[in-house]
Amino acid sequence: MKRKIFTTLIAAVMIFSLTACQGISPDSSKEKDGSDSLSLPTKTLGSEEDNPAVTPAGELDEETEHELYNLYININNAMLGRINDSLNRYFNYVNTESEEFQLWEEGGDYYDCYSVSSTVISDVEDAYEILSGKAEKDALDQAFLNMYPSITSLMQTLNEISDYTSPKTYLEDDFAKSQEHHTALLSVLEEYFTTGNIFLDELTVVAYQRQMEDLEQMKAEGYEVMYSLNMVMMLAQQIEDELYVQDVWDDNILDMDLTTIQPLYDAFSTYVDTVLVYSEDNDALRAEGLSNSGNLSLFVMYMKSTRESLSKVLAKVEKGEPLSQSDMMITSIAGQCNLSSFAEGVSDMIDSYNHLISY
């Protein structure tokens with residue numbers, strides 16, 4: 001869970017907003033053939049396809065606004081994913097403290113970084129193009145525009161480094177372009193980190209607002225099971241975020257502030273119990289097209305293991321006991337007594353939920 005570059009993380013923003021943003025209507029819980037699969041129509045709630053409203057010049061229509069938001073989410077994921085990984089890959093080999101190109105390993109002859117895909121580059125350019133036609137920019141829009149020069153330069157430089165290092169061209173020309181690339185990278189990083197963190201912060205605010213609106217709409221339309229599943233994931237993510245703010249992980253659980261973690265855990269555990277009840281309620285599951293779903297069973301299994309991991313850790317904290325070496329021996333399986341296992345369970349829940357709403 002520890003972040004290497006950025007200090008802001010939106011782990012499941014896109015996941016939480018998938019159902020309600022796409023638009024769930026009360027009549028769409030079953031398809032016309034009577035099957036139990038949950039239907040997620042692409043028509044946005046409240047739109048009038050037969051009588052479209054006239055959009056004033058300089059304002060984006062609802063569909064384009066939604067497209068822009070999705071692009072922001074994609075860019076967020078790339079920043080915290082591929083771009084972040086590429087930078088860490090490069091600086092795993094190259095001295096981060098020197099303006100001169102130097103490999104950490106004295107006498108070393110290898111370094112590289114990951115490339116940034118054309119899809120990510122297109123997302124950035126598409127968002128910029130949409131904003132070019134938008135008259136009034138909000139704080140998130142402006143944050144993206146402020147980041148745009150640095151992220152485009154950064155992606156270009158990373159791809160140049162990737163192209164240069166993948167066939168080890170630097171060995172053929174004795175690292176001739178390595179300094180040029182290194183200088184270009186360092187010259188843009190500070191601006192990218194500064195503007196990038198502002199962009200991620202603004203997106204967090206907007207995403208949370210949308211997420212809560214989506215959840216309330218989901219609940220109002222009678223999707224109690226789906227609402228509860230999403231609340232479980234949201235609260236688990238809030239616990240992860242609070243742990244990060246407190247700078248607490250497996251090696252220092254006794255630094256945990258239970259006054260903030262415990263209420264979140266209690267709310268999380270309450271919704272876990274709610275989901276467990278619904279998981280045995282065939283009528284409720286059938287009403288939302290979730291009966292006989294193997295993915296729901298997986299979600300429930302991961303959810304229970306996730307709570308088990310966290311409850312074990314909290315019990316240790318209450319007793320004033322740090323995690324033992326045996327506690328931290330297995331971190332990649334949910335249900336173990338460590339926070340890494342808790343985070344693994346959260347990730348597993350989100351993956352199973354993704355599959356659940358994809359079918």
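Me: How many disulfides does the count come to?
Reply: This is a predicted model, where local features need pLDDT of at least 70, side-chain atom pairs count only at pLDDT 80 or more, and totals for chains, interfaces and linings use all residues. Residues are numbered from 1 along each chain as its sequence is written, and side-chain values use heavy atoms, with hydrogens and water left out. A disulfide is a pair of cysteine sulfur atoms within 2.5 Å. By that rule, the count is zero.

Me: Is Cys-113 buried or exposed?
Reply: Buried means under 20% relative accessible area, exposed means over 50%, and partly exposed is in between (1.4 Å probe, protein chains only). Cys-113 has 5% relative accessibility, so Cys-113 counts as buried.

Me: And what about Thr-119, buried or exposed?
Reply: Thr-119 sits in helix α3, residues 118–132; helices here are DSSP runs (H or I, at least four residues), numbered from the N terminus. Because its relative accessibility is 51%, Thr-119 counts as exposed.

Me: What separates the C-alpha atoms of Thr-119 and Ile-75?
Reply: Along the chain, Thr-119 and Ile-75 are 44 residues apart.

Me: What is the mean pLDDT of the chain?
Reply: pLDDT is the predictor's confidence in each residue, from 0 to 100. Here 84% of the residues reach 70 or more, and the chain's mean is 84.

Me: Where is Ile-333?
Reply: Ile-333 counts as partly exposed, because its relative accessibility is 47%. Its place is between α10 (294–319) and α11 (339–358), in the loop.

Terms used. Helices (H or I, at least four residues) and strands (E, at least two) are DSSP runs, numbered from the N terminus.
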